Amino acid sequence: MGLIELILLSVGLAMDAFAVSIGNGLSMKKSSPKAALAIAFSFGLFQALMPTAGYFLGSAFESVISEFDHYIALIFLGFIGGKMIFDGIKELRESKKTKGSEKEEKPFRLSFGALMVQSVATSIDALIVGVSFAALPDVNIWTAVLLIGAITFVISLAGVFSGKKFGQLLGSKAEVFGGLILVGIGVKVFIEHMFLQ
């Protein structure tokens, strides 16, 4: 997996965190740099830790999965990407139905516990991707996790600050976009292993 693919994969994985960051930004009365940095750092950290854990978990079973590595990459990335696309389209449809209806604005309160829950929830996909990294011989795990963490940090930071400006619709579209990237990479890995080796 080359650098361009790793960057695209990182962007795809970061879309969940981006969508949640937009939601957090929407809830803020005014953009708080301290809160935005805390959200972005937490999301970036967990997005880096989870694939590391997945990689070492997958490496423990490397001999079992080495014959099926391309199927694992296709199934995992396809499933995660498909779920992101489905969830994004569902949110887009729901936002069209509720457009124009007034919602009660609640003050923004994101506790440490709530931030941890969001961080774990947005990085579960990265854990599974880490398992697929262990099945692919050409992935440098440290480069991959640094890229995933750094890109998630930057994208999450942008998400918080753009939340008020662009609204919930952008979050849903971002999730669909991220899903398409993950599915595309899964298909590419499968085709390369099946037909180009």
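**Note on helix packing in a predicted model**

1. Helix α1 (residues 3-27) packs against helix α2 (residues 33-60) at an angle of about 160°, and their axes lie 11 Å apart. Angles over 145 degrees count as roughly antiparallel, and α1 and α2 are therefore roughly antiparallel to each other.

2. The structure is a predicted model, and its confidence should be read alongside its geometry. For the protein, the mean pLDDT is 80, with 83% of its residues at 70 or more. Confidence is highest in α2, at a mean of 92, and lowest in helix α3 (residues 62-65), at a mean of 62.

3. One stretch calls for separate mention. Over residues 102-107 the pLDDT stays under 50. For residues 102-107 the model has 6 contacts beyond four places in sequence.

4. Which residues bring α1 and α2 together? On the α1 side they are L13, A14, A17, V20, S21 and N24, and these meet I39, F43 and Q47 of α2. By class, the residues of this contact of α1 with α2 comprise 6 nonpolar and 3 polar, with no charged residue.

5. Helix α1 also packs with helix α5 (residues 112-135): the two axes come within 9 Å and cross at roughly 170°. That angle makes α1 roughly antiparallel to α5. Here too the handedness can be stated: α1 passes α5 in a right-handed crossing.

6. In the contact between α1 and α5, the α1 residues are L6, L9, L13, D16, A17, V20 and N24. They meet Q118, T122, D125, A126, V129 and F133 in α5. The contact of α1 with α5 holds 8 nonpolar, 3 polar and 2 charged residues. L13, A17, V20 and N24 of α1 are listed in the contact with α2 and also in the contact with α5.

7. The remaining pair to describe is α2 with α5. Their axes are 6 Å apart, and the helices pack at an angle of about 35°. In this pair, α2 passes α5 in a right-handed crossing. The residues of the contact of α2 with α5 divide into 18 nonpolar and 10 polar, and none is charged.

8. The count of salt bridges comes to 2. One of them joins E5 to K188, whose closest N and O atoms are 2.9 Å apart. Where in the chain do E5 and K188 lie? E5 belongs to helix α1 and K188 to helix α6 (residues 141-195), so placed that the pair links distant parts of the chain, 183 residues apart.

Conventions: Residues numbered from 1 in each chain as written. Predicted model: local features only at pLDDT ≥ 70, side-chain atom pairs only at ≥ 80, totals over all residues. Heavy atoms only, no water. Axes fitted to C-alpha atoms, helices over the stretch in contact; angles between N-to-C directions. Helix = DSSP H or I, 4+ residues; strand = E, 2+ residues; numbered from the N terminus. Parallel < 35°, antiparallel > 145°, perpendicular 65-115°, else oblique. Contact = heavy atoms within 4.5 Å. Nonpolar A, V, L, I, M, F, W, Y, C, P; charged D, E, K, R; others polar. pLDDT = per-residue confidence, 0-100. Salt bridge = Lys/Arg side-chain N within 4 Å of Asp/Glu carboxyl O. Left-handed = near helix turned anticlockwise from the far one by under 90°.
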